Amino acid sequence: MTTRWHSPQFHAYYPTGTSFASIIGGLLGDGLGVVGITWMASPACTELEVVTMNWLGQLLGLPKEFLNCSPGSGGGVIQGSASEATLVCLLAAKDKMIRRLKSLNPDIDEDLTKIKFVAYSSDQSNSSVEKSGLLGSMKMKLLKADPSGRLRGHTLQKAFEEDIANGLIPCYVVANLGTTGTCAFDPLDELGPICQKYNAWLHVDAAYAGAAFICPEYRHLMKGIEYADSFDINAHKWLLVLFDCSTMWVKDGYDLINAFDVQRIYLEDVKAEIKIPDYRHWQMPLGRRFRSLKLWTVMKSYGAEGLRNHIRSQVGLAQHFANLVQADDRFIIEPEPAMGLVCFRLIEGDKITKKLLNNLTEKKKIFMVGASCKGRFIIRMVICSQFTTKEDVEVSWKLIKDETDTLITYEKVHMKSITTMNENIKNINMCEKSK
Ligand code: PLP
């Protein structure tokens, strides 16, 4: 059995991209069968990645410091997943911090200092963020988000101050632009200045929603991006590129090179400067696939407007679904829909909302997953397939509505029979007593 991620009734998690253009790019990459361990091992593999990452970075409106085509040492690299990006940056942050502290005090004990490093994110961040702390051996504090699911500046400031007072060292912060549960956006303009003040690395996990920044109308949600040290979106989520293609940019490629450069004679390459990156220092593995071909074929086939149309039409479909839910007074939408995600629950409570989701999942006609918002259980409905139409959304809504009708009717009958049974028991007891 396989779960059909590209069915119009697949509304779980977040989308995974596909398109004929991406399939062709993937086939080309697989067909060429190169492994870009160094520039020499496959120059095109490195150079097309530089080019496509510049195109996409510009399309997203990233500050020029992140782009290889600008002066400076910034640039983009394709990782396998957002999880890898978060971990790579955590390890680089650790290395950068210890170098800084050693430059201030060469006598410090590296091992005893590193165990004082702390990473922070919100309690709404993806599981992969917590996991990066486990893999990277850094204490990870998941700070309480505000009722809208956002990590606020004052919360981070307080955590930093408390930890510093206890002899710990704030090192790494992961901000979310589009949390997995409810697609909440942390205010980078609040978090950024705090990270800057304390020399903590700011990584931005925009795995799903970051793709929307190709549309200028959403860029206000990344206000403060200039404070970030690194930024990652999964082009394989919402940009029609097949898994795996997680696009990550850093302001300073030397932060990665300093942390991960391990030399061997057999890896000797042309001594290129940072503008022709030796990408093996920018990632965990040595080997790397020719992933940029998928990005290239997609960007060439769709163009900027084609990709923007895709994002806007999916947001429009989510809005259409939200209107259908809103018109049914048994439901409540919470929080406000964001991007292609609509979260909703039954007014009657968590138990019945969970039951509704379980029943729908069991029937296998529609697939959604749950989350929580303000302590309540919610159902997440995401527009995922690129083939989804307005009619498909209406089919999904009908499935949800019909199941709700059945469930509520069942609950009423069930409640009525329980009440009748209780009354019967009461009557029997009274008869017994009067005997
Ligand atoms: N970050 C966010 C916000 C996500 O939604 C997800 C997955 O849905 C991830 C990270 C993990 O992505 P990946 O599977 O590429 O590691």
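**Note on the ligand site**

1. Of the 13 residues around the ligand, those that come nearest are Ala82, Ser83, Thr180, Asp205 and Asn234, where a residue is near a molecule if one of its heavy atoms lies within 4 Å of it. This is a predicted model, in which local features need pLDDT of at least 70 and side-chain atom pairs count only at pLDDT 80 or more, while totals for chains, interfaces and linings use all residues. Residues are numbered from 1 along each chain as its sequence is written, and side-chain values use heavy atoms, with hydrogens and water left out.

2. The shell around the ligand divides into three nonpolar, eight polar and two charged residues, with Ala, Val, Leu, Ile, Met, Phe, Trp, Tyr, Cys and Pro counted as nonpolar, Asp, Glu, Lys and Arg as charged, and the others, Gly among them, as polar. Helices α3 (82–104) and α8 (235–238) each supply at least two residues of this shell, helices being DSSP runs (H or I, at least four residues) numbered from the N terminus.

3. Oxygen atoms of the ligand lie 2.9 Å from a polar backbone atom of Ala82, 2.9 Å from a polar side-chain atom of Thr180 and 3.2 Å from a polar side-chain atom of Lys237. The protein covers 85% of the 400 Å² of accessible area that the ligand has on its own, as computed by the Shrake-Rupley method with a 1.4 Å probe.

4. Leaving aside neighbours within four places in sequence, Lys237 is in contact (heavy atoms within 4.5 Å) with Tyr14, Pro15, Thr16, Gly17, Ala207 and Tyr208.

Definitions and conventions
A polar contact is a pair of N or O atoms within 3.5 Å; within protein, one must be able to donate a hydrogen and the other to accept it, and residues adjacent in sequence count only if both atoms are side-chain atoms.
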